[in-house]
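Hi everyone, thanks for coming. Let me take you through a structure that may be new to you.

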Amino acid sequence: GREIRLASRPQGWPGAENFEIAEVRVPDPAPGQVLVRNLFMSVDPYMRGRMDDRESYVPPFQVGRPLDGGAVGEVVASGAEGIPEGTMVLHGLGWREFALLDAAAVRVVDPAAAPTPSAYLGVLGMTGLTAYAGLLDVAGFREGDAVFVSGAAGAVGSLVGQIAKLRGASRVVGSAGSAQKVAHLVEDLGFDAAFDYHDGPVHRQLRDAAPDGIDVYFDNVGGDHLEAAIGSLRRFGRVALCGAIAQYNETSAPAAPRNLALAIGKELTLRGFIVGSHGHRMPDFVQEVGGWLREGRITWRETVVDGLENAPGAFLGLLRGENTGKMVVRLAG
Ligand code: NDP
């Protein structure tokens with residue numbers, strides 16, 4: 001089997017040279033362990049932060065060691081009671097073709113309950129829960145709210161907009177990085193309006209798209225997007241600070257938002273969150289969003305890249321916006 005290791009730490013934008021691929025022996029599971037053949041692995045923006053040697057809510061990757069992250073695969077050898085060969089499991093040892101795990105470190109998933117195993121990395125997994133808990137609990141979305149979401153054609157953002165619509169938003173506006181993505185938001189996902197942030201200042205485009213203002217901003221981007229949202233938020237508006245991808249590869253401090261003081265007079269709430277703290281909402285999420293999925297009321301896309309050797313490229317592509325919906329890497333199957 002093969003694995004991807006961190007070859008060196010990037011300064012600013014990462015590149016292929018920061019990764020290396022290595023052949024390793026496939027181990028046998030000890031009692032209590034399972035050997036998993038990974039079918040799909042996730043690439044996620046937060047992995048950029050783990051390439052730096054900085055303490056965060058997840059530990060940094062180590063130079064010379066394999067990367068890790070969400071993956072779904074099939075048990076091919078088992079020393080664990082109750083997890084026979086052939087079981088499909090979700091776990092945290094992606095970036096490798098075979099993963100050796102303790103039984104307690106895997107979650108058994110039902111392949112019949114998902115259209116593809118990779119759904120457990122996206123719409124039915126961490127990504128979906130981020131959208132659900134971020135919108136409903138962190139931003140305190142209420143029926144009738146006007147919502148703006150950035151990174152709207154991505155994995156989290158595309159679900160935020162659709163959940164808001166299904167829960168009775170008065171207006172849903174999204175921003176994304178290409179004309180094609182903008183068309184996808186309006187034509188396929190049911191957004192009321194969308195714009196390409198390359199087409200002009202975000203604050204002006206947001207004002208045109210939501211002339212009466214917004215009540216909720218779901219922030220995936222930070223910077224000028226957050227500044228524009230602060231400008232457009234109405235009194236008692238709420239912001240879920242989910243991500244700030246515009247600054248993940250920057251080496252200097254962000255220039256925006258410059259208008260944070262507006263939050264005082266407007267009595268805004270800006271609240272950061274990490275999805276790991278919202279695990280208790282998983283059952284509600286699975287019931288509500290899972291139901292919409294079965295009824296065909298949620299549209300979700302994946303961008304699938306084939307082969308472990310192309311995983312670094314998939315990750316770098318994610319940071320450049322080459323994905324629509326969830327970016328995943330297919331390793332087998
Ligand atoms: P996405 O599928 O949204 O992929 C990232 C997208 O970011 C790209 O497709 C690209 O789309 C966009 N992007 C890249 N650079 C910029 C930029 N400079 N300005 C605006 N957009 C940019 O990834 P996820 O859905 O997995 O994650 C979305 C956000 O949510 C990220 O910020 C991530 O860190 C955060 N997150 C936070 C979690 C938490 O627990 N708080 C959990 C999961 C994700 P485009 O073409 O539109 O530019």
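Which residues in α2 meet which residues in α8? Before I answer, two quick notes. This is a predicted model: local features need pLDDT of at least 70, side-chain atom pairs count only at pLDDT 80 or more, and totals for chains, interfaces and linings use all residues. Residues are numbered from 1 along each chain as its sequence is written.

Now the answer: G128, L129 and Y132 in α2 meet M282, F285 and V289 in α8. Contact here is a matter of C-beta atoms, placed from the backbone, lying within 7 Å. By class, this contact has five nonpolar residues, one polar and no charged. Nonpolar covers Ala, Val, Leu, Ile, Met, Phe, Trp, Tyr, Cys and Pro; Asp, Glu, Lys and Arg are charged, and the others, Gly among them, are polar. Helices are DSSP runs of H or I with at least four residues, strands are runs of E with at least two, and both are numbered from the N terminus.

How do the two axes sit? Those of α2 and α8 come within 10 Å and cross at roughly 95 degrees. The axes are lines fitted to C-alpha atoms, for helices over the stretch in contact, with angles from 0 to 180 degrees between N-to-C directions. The two helices are therefore roughly perpendicular, a label for 65 to 115 degrees.

Let's move to the sheet. This open sheet has six strands in the order β10-β9-β8-β11-β12-β13, with parallel pairing; strands pair if DSSP finds at least two bridges between them. β10 and β13 stand at the edges with a single partner strand each, so one side of each has no neighbour in the sheet. Inside the sheet, five bridges join β11 to β12, and Y217 has V239 as its bridge partner in β12. α3 lies across β8, β9 and β11, running at about 170 degrees to β9.

And the ligand? It is surrounded by 30 residues, and the closest are G154, A155, G177, G243 and G321; to count, a C-beta atom, placed from the backbone, must lie within 6 Å. α3 returns here, giving the largest share of the shell, three residues. The shell has 17 nonpolar, 11 polar and two charged residues.

Finally, the domains, whose bounds come from an automatic or database assignment. They are domain 1 (2–121 + 301–330) and domain 2 (126–276), and each gives at least three residues to the ligand shell. Their centres, taken over C-alpha atoms, are 29 Å apart.

Conventions:
Two residues are in contact if their C-beta atoms, placed from the backbone, lie within 7 Å. Angles under 35 degrees count as roughly parallel, over 145 as roughly antiparallel, 65 to 115 as roughly perpendicular and the rest as oblique.
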